[in-house]
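Try each one with the structure in view, then read the worked solution.

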Amino acid sequence: SLEHIVSHFDKMSCPIHPARLPLALFLKSCTEAHVRRSGPGGQHRNRVATGVVLTHTPTNISAEATERRSQNENKVNAIHRLRLQLALHVRLPCDVTQWTPSDEFKTRCRKGELQCNKEHDDYPALTAEVLDFLAVASFRPRALSDRLHELYCGVASPAKIGAAKIEANQEERKLHPEVEDSRTEINTADTDSLPAINSSPAPLSSSTRTADHEGKEKGEAEPTLNKEDESVSSPPESPISSPVPAQEKITPTAPTKSPRVMCSGKHVSANQITDFLAREPLVLRHVNACRAQQGLPRLLL
């Protein structure tokens, strides 16, 4: 039963995950039993004990395979299923900052994808390695993608840099709230000190209107200006009309671009990591159950 599962594998003297053990060492830590099951297959299945049940002794995790008529084929399927169960329920301690992928992980990273079929023998071992990292990183595939970006590209990922800037700005606002208050006080003080602007012209008084009307009726001529007065009253010429002195031509220089970081095909995005986990529905259900315990949404393709 799953109640006897060991959450951490520290009690054993094994330095690697049990799902990644070689076949000979893996079978030494398991007990094998042969059973009969009902169903299609004839006498080879109903009367002969062709079914295989494997139990991992340290963790008491078991898996069985009885769908084939051959006992050897059932044993191969039982080994694969037991490795997958160990990959799901056994966790090894992992340091996120010092984590490096294994050789199997590196060989499976091609063209930005984690290429491995769920029926392959390496799938349980890769799943165990990914889940060991995600268990420490709150089951966020983005954290594993950022770590791979740092290893193979030499710099932090753009998403991680942007999140760090946002977090730094939020921390600065928490530490210095008086800066925001002073900005709002300055803005309100500037708006209060501005005079009220009236766009409509001031109305003329009644005495001014009557005097202008009487002057027009008497035929008074408008005063003319002398040449001296014109020279005095004429506004100065605008500096725009004056000739502009010749200036030296400045050749525009092309903006300098920062060198582009070229990542190798071993960098895997968060979506590709999710796609790798979703190849086996049992693995995806396990990850979503762990995320639900932490209040995180489910992973969707």
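**Exercise 1.** In which hand, left or right, does α3 pass α12 in their crossing?

*Solution.* Keep in mind as you look that this is a predicted model.
Step 1: α3 passes α12 in a right-handed crossing.
Step 2: Helix α3 covers residues 71-89 and helix α12 covers residues 281-293; they pack at an angle of about 15°, with their axes 11 Å apart.
Step 3: Angles under 35 degrees count as roughly parallel, and that makes α3 roughly parallel to α12.
Step 4: Find the residues that touch. From α3 these are Leu84, Gln85, Leu88 and His89, and α12 brings Leu282, Val283 and His286.
Step 5: Sort them by class: the contact of α3 with α12 has four nonpolar, three polar and no charged residues.

**Exercise 2.** Decide whether His286 counts as buried or exposed.

*Solution.* Step 1: Locate the residue: His286 lies in helix α12.
Step 1: Buried means under 20% relative accessible area. His286 has 18% relative accessibility, so it counts as buried.
Step 2: Look at what surrounds this side of the helix. Apart from neighbours within four places in sequence, His286 is in contact with Leu88, His89 and Leu131.

**Exercise 3.** Work out how many of the 14 residues of α5 are buried, and name the elements they pack against.

*Solution.* Step 1: Helix α5 runs over residues 123-136 and reaches 20 Å from its first C-alpha to its last, close to the 20 Å expected at 1.5 Å a residue.
Step 1: Of its 14 residues, 12 are buried, so α5 is largely enclosed by the rest of the structure. Among them are Tyr123, Glu129, Leu131 and Phe133.
Step 2: These buried residues pack against α3, α4, β5, α6, α11 and α12.
Step 3: Follow the chain onward: just after α5, Ser138 takes a positive phi of about 60°.

**Exercise 4.** Describe how α6 and α11 are arranged: at roughly what angle do their axes cross?

*Solution.* Step 1: The axes of α6 and α11 cross at roughly 120° and come within 8 Å.
Step 1: The two helices, α6 and α11, are therefore oblique to each other.
Step 2: Their crossing, that of α6 and α11, is right-handed.
Step 3: The contact is formed by Pro141, Arg142, Leu144 and Ser145 of α6 with Ala270, Ile273 and Thr274 of α11.
Step 4: By class, the contact of α6 with α11 has four nonpolar, two polar and one charged residues.

How values were computed
Residues are numbered from 1 along each chain as its sequence is written. This is a predicted model: local features need pLDDT of at least 70, side-chain atom pairs count only at pLDDT 80 or more; totals for chains, interfaces and linings use all residues. Side-chain values use heavy atoms; hydrogens and water are left out. Axes are lines fitted to C-alpha atoms, for helices over the stretch in contact, and angles run from 0 to 180 degrees between N-to-C directions. Helices (H or I, at least four residues) and strands (E, at least two) are DSSP runs, numbered from the N terminus. Angles under 35 degrees count as roughly parallel, over 145 as roughly antiparallel, 65 to 115 as roughly perpendicular and the rest as oblique. A crossing is left-handed if the near helix is turned anticlockwise from the far one by less than a right angle, and right-handed if clockwise. Contact means heavy atoms within 4.5 Å. Ala, Val, Leu, Ile, Met, Phe, Trp, Tyr, Cys and Pro count as nonpolar, Asp, Glu, Lys and Arg as charged, and the others, Gly among them, as polar. The expected span of a helix is 1.5 Å times one less than its number of residues. Buried means under 20% relative accessible area, exposed over 50%, partly exposed in between (1.4 Å probe, protein chains only).
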